[in-house]
Amino acid sequence: MSKFIVTGGAGFIGSHLCERLLGDGHDVIALDNFDDFYDPQVKRRNLRSVATHPKFRLLEGDIRDAEFVTRFIDDRIHAVIHLAARAGVRPSIEQPLLYQDVNVNGTLVLLEACRRHPHCKFIFGSSSSVYGNNVKVPFSESDRVDDPISPYAATKRAGELLCYTYHHLYGIPMTCLRFFTVFGPRQRPDLAIHKFTRLIESGKPIPMYGDGSMKRDFTYVDDIVDGVCAALKTCDAYRIYNLGNSHPLALRDLINVLQNSLGKPAKIEQLPPQPGDVERTFADIALARKDLGFEPRVNLEKGIARFVQWFRDESKQSTYQQELLATR
Ligand code: NAD
């Protein structure tokens, strides 16, 4: 059995990964600063099912704090799975310096700590946003990624480049995983599926930026976790893989699926397209299939049904969801 550090372990994807790794018998350290990008109480609830697990440890701290980070990355750690970040495209346009600080400097602090333990593998949570407005579809790992159209995307590409540098200089085994719009229970409240569900459920209009033709390759969180776990096993050099569903869906079709699943009509407020939003994402997953055995198993309808079930259960239990329902 192995010992892993999951940065951002209290977040949406991180908390699912911690559950899986513990379920597989590993020791897991979640490192998270519970930042205020969304309510930290939500993140504490994300860890409810693992908090008392004997092989789980939560470290509250900041990945930018070198002294803190180097205390915990030692020869006993088999891999660091680096998911901590300021996520979100639009807010990165408002706060580019913060995104740079957390996503680039934070990653560098972790890499500096890892270089003293070159056998420790490093998995970097990258993003489909690095493809920018790539016209060629599906997006493949060999495509140019030199035109990020938001600070967030640029920081994720910078993270991949730094990973390469540290692999080259110190031999750290590295895998960068480009996640494509992840959804499922505990999804971040700012993301479309969660936000639209909240608004449809409370009879409020949902803002649809553009004419609804914008497409996203929605990928279920368990499939992403499968991909991360496969990457942990194969990580031996420097590699980049897309982890996506490879079935992009237009925003207006997503709204239809949500209406059906919720059994309620959506009121749509059409707004101009937002700067920083890419027109489409569409993963070519041939490489991940070949090297990682990656195969998405949960389609959108099934995944949305699970999300809606979770959302309704949470709304009954948690005051936070009720507060969110009362606001936009
Ligand atoms: P999330 O915001 O739910 O999780 C990120 C976690 O990182 C949070 O718990 C936050 O408190 C923590 N964190 C932020 N700054 C930190 C710091 N300085 N020190 C320590 N912890 C810090 O986001 P998520 O959706 O779970 O995303 C996880 C990762 O996957 C991120 O790197 C994100 O960029 C990437 N990603 C996510 C998606 C998606 O659709 N959710 C898509 C592509 C890439």
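The expected span of a helix is 1.5 Å times one less than its number of residues, and helices (H or I, at least four residues) and strands (E, at least two) are DSSP runs numbered from the N terminus. The structure is a predicted model, in which local features need pLDDT of at least 70, side-chain atom pairs count only at pLDDT 80 or more, and totals for chains, interfaces and linings use all residues. Residues are numbered from 1 along each chain as its sequence is written, and side-chain values use heavy atoms, with hydrogens and water left out.

The protein chain contains 12 helices and 13 strands. Its radius of gyration, taken over C-alpha atoms, is 19 Å, close to the 20 Å that the globule rule (2.2 Å times the number of residues to the power 0.38) gives for 328 residues, so the chain is as compact as a globular protein of that length. Along the principal axes, the C-alpha atoms fill a box of roughly 55 × 45 × 40 Å.

Of the 328 residues, 56% are buried, that is, under 20% relative accessible area with a 1.4 Å probe, protein chains only. Where contacts (heavy atoms within 4.5 Å) join residues at least 6 apart in sequence, 82% are between residues at least 24 apart.

Helix α1 spans residues 12-23. From the first C-alpha of this helix to the last is 17 Å, close to the 16 Å expected for its 12 residues. Helix α1 is mostly covered, with 9 of its 12 residues buried; among them are F12, I13, L17 and L21. After α1 comes G25, whose phi is positive, near 95 degrees.

Notes. Buried means under 20% relative accessible area, exposed over 50%, partly exposed in between (1.4 Å probe, protein chains only).
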